[in-house]
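My notebook is open and the viewer is loaded. Here is what I looked up, entry by entry.

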Amino acid sequence: MRTNRTFTMLKPDALEKGMIGGILEKINSAGFRIVGMKLTQMSQKDAESFYAVHSNRPFFEGLVAFMTRGPIVAAVLEKENAIEDFRALIGATNPVEAAEGTIRKLFASSMTENAVHGSDSDANAAIETAFHFSERELF
Ligand code: GDP
């Protein structure tokens, strides 16, 4: 089922560098409506569960340490074709490969510390949204 919604996190590196405003400006300018938003911090268990698909990868431990080291902004965004359009807006996982003008090109510093998350499917957007939000926090 297409929902026209995606889930994002502004990652700890983005908050440490004071980039919340700059990233939200790009998101708003690209036509996404903010449906839900919160400042929160993932526990070790949260991050291990959120990134469980990567648990056998060599970067997993570093990824969990990074994602738990400070607060994040979790948000749900709405737009027609939200999943694909948001993935295009954030750019490639590795900022070196991210296209000019994308959020990761502008704000990310490395493959792990890449400033933002964006869901890769409607099914995962729904799972990731439910991980961070209750129904009454979505508008
Ligand atoms: P995304 O969908 O573009 O965020 O990428 P993935 O879902 O494949 O990976 C999740 C997150 O794990 C990425 O955003 C990076 O923070 C990190 N990551 C993924 N692949 C690598 C890798 O090969 N090396 C490192 N160091 N981190 C990675």
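Predicted model: local features only at pLDDT ≥ 70, side-chain atom pairs only at ≥ 80, totals over all residues.

**Entry: Asn114.** Leaving out residues up to four places away in sequence, I found Asn114 touching Lys11, Asp13, Thr93, Pro95, Arg104 and Ala108. Asn114 belongs to the loop that runs between α6 and β4 (116-118). Is Asn114 buried or exposed? Its relative accessible area is 2%, so I wrote it down as buried.

**Entry: the ligand.** Asn114 is also on the list of residues around the ligand. With it on that list I have Lys11, Tyr51, His54, Phe59, Leu63, Arg87, Thr93, Arg104, Met111 and Thr112. Next I looked up polar distances to ligand oxygen atoms. For Arg87, a polar side-chain atom is 2.7 Å from an oxygen atom of the ligand. For Lys11, an N or O atom of the side chain is 2.9 Å from a ligand oxygen. For His54, a polar side-chain atom is 3.1 Å from an oxygen atom of the ligand.

Entry: I went through the backbone angles next. Most residues other than glycine have a negative phi, so I kept an eye out for exceptions. Ala115 is not a glycine, yet its phi is positive, at about 70°. Ala115 sits in the loop between α6 and β4. At 0% relative accessibility, Ala115 is buried. Asn81 has a positive phi too, near 60°. The place of Asn81 is the loop between β3 and α5.

**Entry: Ala14.** Ala115 came up again when I looked at Ala14, a residue of helix α1. Besides Ala115, Ala14 touches Met19, Ile20 and Ile23, with residues up to four places away in sequence not counted. Its relative accessibility is 0%, so Ala14 counts as buried. I also checked Ala14 against Ser109: they are 95 residues apart in sequence, and their C-alpha atoms are 9.5 Å apart in space.

**Entry: nonpolar cores.** How many residues does the largest nonpolar core have? I got 20. Those with the most contacts inside this core are Leu10, Ala14, Ile23, Ile27, Phe32, Phe86 and Ile103. At least two residues of this core come from each of α1, α2 (20-29), β3, α5 (82-90) and α6 (103-107). Which of them gives the most? That is α5, with 4 residues. I then followed Ile23, which touches Leu10, Ala14, Ile103, Phe107, Ala115 and Val116, again without residues up to four places away in sequence. Apart from this core lies another one, of 17 residues, including Phe7, Ala47, Phe60 and Ala74.

**Entry: helix α4.** Phe60 took me to helix α4 (residues 60-68), where Phe60, Leu63, Val64, Phe66, Met67 and Thr68 are buried. What do the buried residues of α4 pack against? My list is β1 (5-10), α1 (12-16), α3 and β3 (72-78). Leu63 is also one of the residues around the ligand.

**Entry: aromatic pairs.** My search of the whole structure turned up 4 aromatic pairs. In one of them, the ring centres of Phe50 and Tyr51 are 5.0 Å apart and the planes are at 70°, so I recorded the pair as edge-to-face. Both partners are buried: Phe50 has a relative accessible area of 12%, and Tyr51 has one of 7%. Phe50 pairs with Phe131 as well, edge-to-face, with 5.5 Å from centre to centre and 80° between the planes. This second pair links distant parts of the chain, since Phe50 is in helix α3 (residues 44-50) and Phe131 is in helix α7 (residues 122-132), 81 residues apart. Phe131 counts as partly exposed, at 33% relative accessibility. Phe7, Phe50, Tyr51 and Phe131 form one aromatic cluster.

**Entry: charges over rings.** Last, I looked for charges over aromatic faces. Lys38 lies over the face of Phe133, 4.8 Å from the ring centre. Lys79 has its charged end over the ring of Phe32, 5.6 Å from the centre. Phe32 was already in my notes, among the residues with the most contacts inside the largest nonpolar core.

Technical notes
Residues numbered from 1 in each chain as written. Heavy atoms only, no water. Phe/Tyr/Trp six-rings, centres within 6.5 Å; stacked < 30°, edge-to-face > 60°. Buried < 20%, exposed > 50% of the residue type's maximum accessible area, 1.4 Å probe, protein only. Lys NZ or Arg CZ within 6 Å of the ring centre and 35° of its normal. Contact = heavy atoms within 4.5 Å. Core = buried A, V, L, I, M, F, W, Y, C linked by side-chain atoms within 4.5 Å. Near = heavy atom within 4 Å. Polar contact = N/O pair within 3.5 Å; in protein donor to acceptor, adjacent residues only side chain to side chain.
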